[in-house]
Amino acid sequence: MSNESNAKSMSMIVTKGTLDWAYPPFILATTAAAMGIDVTMFFTFYGLGLLKKKLNLKVSPLGNAAMEMPMLGMHIGMPNMVAAIPGVDAAATAMMKNLIKRKGVASIEELRTLAVEADVKMIACQMTMDLFEYKLEDMIEGPVLGGAATYIENATKCDINLFI
Amino acid sequence: MADQLLDAKGLNCPLPILRAKKALKDVAMGGTLEVLATDPGAVKDFEAFCRATGNELLASNVEGKVYSFVIKRMS
């Protein structure tokens, strides 16, 4: 997208790696890129896991009081007592993935591929790589390693900066 | 009749926009692309997309549950 002159730019700090939290950054990044905006994503802490080649994203109803699923014509939430039972996370994740598919919502893998294709710049947090002992070969091709200063230098030039 | 047709029915935000952006690359400058979608959010999104990219939204219609947009490639 960098061929557009005077292109606007957007940066994002991606800090969360669950299935639900993975959507906003990738939806916004791909859409902004499609609108001719230069996008940079900085993946740190749990967000860094979104760059792993093989994704196995999960969502948990535990401590997630706003999470309610459309079921049997109503919306059903889950008390923490129930959400803590083994297997509930897996079931909730399966239900969410099913819902995503049924509603024609893109998968995170698909959005991520589109982001890479659209030349979205991705920075993998070096400190988090060390902290969680991730290896570069476990990550998709494309992201460059960087730190806080790398992000901030970029952010000072951006029209939009988001923390997600 | 538009030069190219993109069927984005059944796809949800932001896929209709992303597919349209891709499809526009195959449309000649000044040519038109018609997009079919079922996502009601696409109405406002295609307006914003066209404003931001400098393309022209020639038409925005709805027939039953299907929305159609005609975009003239200007950029």
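**Helix H1 of chain A and its surroundings**

The model is predicted. The buried set of H1(A) consists of A:Ala22, A:Pro25, A:Phe26, A:Ile27, A:Leu28, A:Ala29, A:Thr30, A:Thr31, A:Ala32, A:Ala33 and A:Ala34. The helix itself covers residues 19-34 of chain A. Its 16 residues, at 1.5 Å a residue, should span 22 Å, and the end C-alpha atoms lie 23 Å apart, so the length agrees with expectation. Just after H1(A), the backbone at A:Gly36 adopts a positive phi of about 85 degrees.

Chain A is divided into two domains. Domain 1 is made of two segments, 9-59 and 107-163. Domain 2 covers 69-102. The centres of the two domains, taken over C-alpha atoms, are separated by 27 Å. Domain 1 of chain A gives 4 residues to the contact, and domain 2 of chain A gives 5 residues. On the domain 1 side, the residues touching domain 2 comprise 2 nonpolar, 1 polar and 1 charged.

The contact between the chains draws 11 residues from chain B and 11 residues from chain A. On the chain B side, helix H1 (15-24) and helix H2 (42-53) each contribute at least two residues. H1(B) provides the largest share of that side, with 4 residues. By type, the chain B side holds 7 nonpolar residues, 3 polar and 1 charged.

The fold of chain B was examined next. Chain B has 2 helices and 4 strands. From the N terminus on, these elements follow the order β-α-β-α-β-β. The C-alpha trace of chain B spans about 30 × 25 × 20 Å along its principal axes. A compact globule of 75 residues would have a radius of gyration near 11 Å; chain B has 11 Å, so the two agree. Of the 75 residues of chain B, 36% count as buried. Contacts in chain B between residues at least 6 apart in sequence were also classed by separation: 56% of them join residues at least 24 apart.

Conventions
Residues are numbered from 1 along each chain as its sequence is written. Chains are lettered from A and ligands numbered from 1 in the order in which they are written. This is a predicted model: local features need pLDDT of at least 70, side-chain atom pairs count only at pLDDT 80 or more; totals for chains, interfaces and linings use all residues. Two residues are in contact if their C-beta atoms, placed from the backbone, lie within 7 Å. Ala, Val, Leu, Ile, Met, Phe, Trp, Tyr, Cys and Pro count as nonpolar, Asp, Glu, Lys and Arg as charged, and the others, Gly among them, as polar. The radius of gyration is taken over C-alpha atoms; the globule rule is 2.2 Å times the number of residues to the power 0.38. A residue is buried if 20 or more other C-beta atoms lie within 10 Å of its own, exposed if 12 or fewer, and partly exposed in between; C-beta atoms are placed from the backbone. Domain bounds come from an automatic or database domain assignment. The expected span of a helix is 1.5 Å times one less than its number of residues.
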